Each structure stands twice: as C-alpha cells, then as structure tokens.
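I open this notebook to record what I looked up, entry by entry. The sequence and the model come next.

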Amino acid sequence: NSTAAAALPPGLVCNADDVCIPIESAEDDLISLVKLILEVEGVAGFFGGVKAMMIGQALIKSVAFSANELALGVLKDSNLLGVATIVGSSSASGGMEEMGG
C-alpha cells in the first residue's frame with residue numbers, strides 16, 4: 001500500500017482501502033483529510049499518540065524537578081548558596097529588604 005501511495009498522482013487523498021478522493025484546493029485537502037480520518041479511525045484518530053506524549057512529558061518533568069530539588073538540597077547543605085539564601089529569604093519577606101527598598 002505504501003508503494004501505491006508513492007505512485008499516486010498529486011491531488012488525491014486515499015485511505016487504507018485505496019478509496020481515493022480528489023482534492024480541488026487547500027480547503028478541500030483539509031476537509032478531505034478530516035473526513036478520511038473520521039471514516040477510517042473515528043474521533044480517536046485525531047488523538048493518536050497523545051497518551052504516549054503525555055507519559056513521556058510526565059517522565060521528563062519528574063526527572064527535571066527531581067534533579068533540581070537534589071541540586072538545591074546539595075548546595076544548601078554544603079552552604080554554597082550565599083546568593084540562593086538571600087534569594088530564598090527575599091522571596092519569603094517580599095524581596096524588598098535585600099534589594100535596598
């Protein structure tokens with residue numbers, strides 16, 4: 001079927017059953033594509049791959065937040081954050097005392 005799709009003339013959209021719809025304009029192209037997705041896969045066809053992307057992003061964000069928390073903990077424990085201590089205390093007190101205001 002992929003070799004048949006490569007040999008199609010421009011201006012046709014075909015589904016898996018080789019039912020082809022001629023395309024007249026860009027608007028027809030979009031409408032034909034939406035109709036084809038609804039016909040072949042239903043509404044779920046518009047959301048294919050979303051679940052995998054959400055799981056991947058959750059994993060990435062959890063690693064990033066964990067690494068950030070670990071790094072901040074190590075820096076605070078070794079007292080290397082003179083600036084971060086000021087930033088931490090300035091955020092708790094409104095930030096005006098350390099900024100000269």
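In which helix is Ser 32 found? I looked it up and placed Ser 32 in helix 2, where helices (H or I, at least four residues) and strands (E, at least two) are DSSP runs numbered from the N terminus.

Before going on, I note that this is a predicted model, in which local features need pLDDT of at least 70 and side-chain atom pairs count only at pLDDT 80 or more, while totals for chains, interfaces and linings use all residues. Residues are numbered from 1 along each chain as its sequence is written, and side-chain values use heavy atoms, with hydrogens and water left out.

**Ser 32.** Setting aside neighbours within four places in sequence, I found Ser 32 in contact (heavy atoms within 4.5 Å) with Ile 21 and Pro 22.

**The chain.** I then read along the sequence and noted the pattern α-β-β-α-α-α, with 4 helices and 2 strands. Of the 101 residues, 8% count as buried; among contacts with a separation of 6 or more, 6% join residues 24 or more positions apart. The accessible surface, by the Shrake-Rupley method with a 1.4 Å probe and, for residues, only the protein chains shown as cover, comes to about 7900 Å², and 67% of this belongs to carbon and sulfur atoms.

**Confidence.** For pLDDT, the predictor's confidence in each residue from 0 to 100, I noted a chain average of 75, with 65% of the residues scoring at least 70.

**Helix 3.** I checked the length of helix 3 and found agreement, because its 28 residues should span 40 Å at 1.5 Å a residue and its end C-alpha atoms are 40 Å apart; the expected span is 1.5 Å times one less than the number of residues. Just after helix 3, Asn 79 takes a positive phi of about 55°.

**The nonpolar patch.** Which helix gives the most to the nonpolar patch? Helix 2 does, with 3 residues. The surface patch, with about 750 Å² of accessible area together, includes Leu 30, Phe 46 and Val 50. I found Val 50 in helix 3, and Val 50 counts as partly exposed because its relative accessibility is 37%.

Conventions
Buried < 20%, exposed > 50% of the residue type's maximum accessible area, 1.4 Å probe, protein only. Patch = residues over 30% accessible without salt bridge, like charges linked within 9 Å, V, L, I, M, F, W, Y side chains within 5 Å. Salt bridge = Lys/Arg side-chain N within 4 Å of Asp/Glu carboxyl O.
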